[in-house]
Amino acid sequence: MTMSRVLLAYLLVVAAVTLPILANPYLPLVDLPNHIARHFIAANPQSALSQYFDYSLDLTPNSAVDLLWSITGHPFGAVAFSHFVFITYAVNLVGSAMVLARVVHGKWSIWPLASGLLVYNATFFWGFQNFIFTVPFAIYGLALWLSLEARSNWLRIAVFIPLSLLLFWMHLFAFVLLAVAALGRELQRVFEAGKAWPKALLGNISLGIPFLIPAALLAYVIITAPPNPAATASDFGSFVDRYYALISPLGTASGNGATGLTAIGALVFGVLLLTFYFGVRRDSPHLHFARQMKGPLVAVLLLSVFIPSSINGVALVQIRFPFVLMILLIAATRWQHVHQGAARAITIAISVALILRGGEFYLNAADYSRDIITLERVLEKVPAGSRILPIRSAGNERDTRLWHAQAYAVPMAESFVPTLFQGVHSLRLKPEWSTAAHPAGMSIDRRRVLDPSGGVIRSATANSAAFWADWPDKFTHLLLMDPPAEAWPANPTLRKIDQQGRFTLFEVQPDD
């Protein structure tokens, strides 16, 4: 296939995955509002929020987008910047699969464009901004590692010391991805050396230097960093967590706080599985596997299977790598002996799946955008510097769709919300407000703060966080994120000041 046709196909796939992002003002990605809020605070140090937060850009191994935001000098609003970040990610993710396939197969082809089906994966829907922005650079790094394989070890070390350090600061998990994939390839070379394996091992052991330096830095960061406000014990997770990891390449953020699979996601999974099934049948057009990729794929597979689900307060770790594994698998294969009819059938199947997936995301984003635009109108009634406690209707606390939507009050109304990410994200809450915050928390069930008759619950109940005890003294406003399931009881502590769509805003009245 000519280079011009490959380029045209790439542009069409990129358009299919980026237009649904561009077409909507707000993206339905769970954690994204927190990142947007942090970027707003970073770009507006003199805003009313300065009484609550301090922001200083630190080199923590989770800084990719924060560094880009700072280096570019905050060129436009934080919401528009988030669109730029996710469009760049989508373009780069498909491009990195193309480049890796070019390195291992020696020529350009359109098959790696099937990676476009994996752009909307679970980590994307969770809004893990710094991680997914960095992942394509890890894949580019693997392509470079393989392309320099015939060169001297010292050249490879000299090239990868700065690249590994940069990737480490961009995101630790993306650095781990590259390090594990490179290790897999080098171990593969040792095994392939047969009886000469000791010589191969000793001759290439110096290639670990670029990855050992960031590992030493990580140890230093862990020892010297202040406590993570959201830190918890590391946990491997349950069988259910592993199931979520399995479906995460085409999953979404679901209402139970984990990963779900839509009907279209299941259909796309089926398309990929059928494609690979027929691709391994040698009596028909089949997929040829690049030998160079055996070690990296086995290593990333083991990483995906054995990584804990939670590490020091970082949740859903187990869903970070399976979609990358699938992209590496696509890049590692190429079709052979494909007649025109089979090529047309494969192209049509993937194209239809891509359009359906993009259409599903567009409709989801359009519905979410309507809600956030309504929220913006409600927040017009809030004075700058206000403190807003977000609550959900009974039973909706674990619904992730609006889990962190209250963070839009930061750029829209310069108001404090108690759930912004802190610690490793360079955002620090001033000590005097520590009891009014719950880092990485979500909007809470109304029954935690109001009794059935509408009366205020002032004391923390069993198994509840102390931050909402005596909440009327800490917050100036209460924001109900859902239509109330029943008539809202009269309450002298709360004065309703606006209601639009699903959102109701109350002003908290001081006690007489």
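These are my notebook entries on a predicted model, from overall counts down to single residues.

**Ground rules**

I number residues from 1 along each chain as its sequence is written, and my side-chain values use heavy atoms, with hydrogens and water left out. Since this is a predicted model, local features need pLDDT of at least 70 and side-chain atom pairs count only at pLDDT 80 or more, while totals for chains, interfaces and linings use all residues.

**Overall counts**

I began with secondary structure and found 17 helices and 11 strands. Helices here are DSSP runs of H or I with at least four residues, strands are runs of E with at least two, and both are numbered from the N terminus. I then looked up burial: 55% of the 512 residues count as buried. Buried means under 20% relative accessible area, exposed means over 50%, and partly exposed is in between (1.4 Å probe, protein chains only). The accessible surface comes to about 21,500 Å², with 65% of it belonging to carbon and sulfur atoms; the areas come from the Shrake-Rupley method with a 1.4 Å probe, and for residues only the protein chains shown count as cover. For contacts (heavy atoms within 4.5 Å), I took those with a separation of 6 or more, and 77% of them join residues 24 or more positions apart.

**Helix H1**

I went to H1, residues 3-22, next. Its 20 residues reach 27 Å from first C-alpha to last, close to the 28 Å expected at 1.5 Å a residue; the expected span is 1.5 Å times one less than the number of residues. I noted a kink of about 30° at Ala 16, shortly before the proline Pro 20. The bend at a residue is the angle between axes fitted to the seven residues ending there and the seven starting there. Pro 20 is also among the buried residues of H1, along with Val 13, Val 14, Val 17 and Ile 21. I checked what covers the buried residues, and the cover includes H4, helix H5 (122-125) and helix H15 (340-379).

H4 has 28 residues and reaches 40 Å from its first C-alpha to its last, close to the 40 Å expected. I count 21 of its 28 residues as buried, so H4 is largely enclosed by the rest of the structure. Just after H4, I see Gly 106 with a positive phi of about 85°.

The largest nonpolar core has 156 residues, and Phe 86, Leu 100, Phe 124 and Met 293 touch the most other members. Such a core is a set of buried Ala, Val, Leu, Ile, Met, Phe, Trp, Tyr and Cys residues joined through side-chain atoms within 4.5 Å. Helix H4, residues 78-105, gives the largest share of this core, 14 residues.

I looked up Phe 76 in the loop between helix H3 (64-71) and H4. Phe 76 is partly exposed, with a relative accessible area of 37%. Beyond four places in sequence, Phe 76 touches Trp 69, Phe 81 and Phe 84.

Glu 149 sits in the loop between helix H6 (129-147) and helix H7 (153-170), and counts as buried at 16% relative accessibility. With residues up to four places away left out, I find Glu 149 touching Arg 156, Arg 185, Arg 189 and Gln 292.

Ser 309 is in the loop between helix H13 (294-306) and helix H14 (322-332), buried at 7% relative accessibility. Past four places in sequence, its contacts include Asp 235, Asp 241, Arg 242 and Gln 318.

**The mixed sheet**

Last, I traced an open sheet of five strands in the order S8-S6-S9-S11-S10, with mixed pairing. Strands S8 (444-445) and S10 (494-500) stand at the edges with a single partner strand each, so one side of each is left without a neighbour in the sheet. Two strands pair if DSSP finds at least two bridges between them.

S6 (388-392) pairs with S9 (477-480) in the parallel sense over four bridges. There I found Leu 389 opposite Leu 478, and Ile 391 opposite Leu 480. S6 also pairs with S8 in the parallel sense, over two bridges, where Arg 392 has Asp 445 as its bridge partner. Ile 388, Pro 390 and Arg 392 point one way from S6, Leu 389 and Ile 391 the other way, and all are buried.
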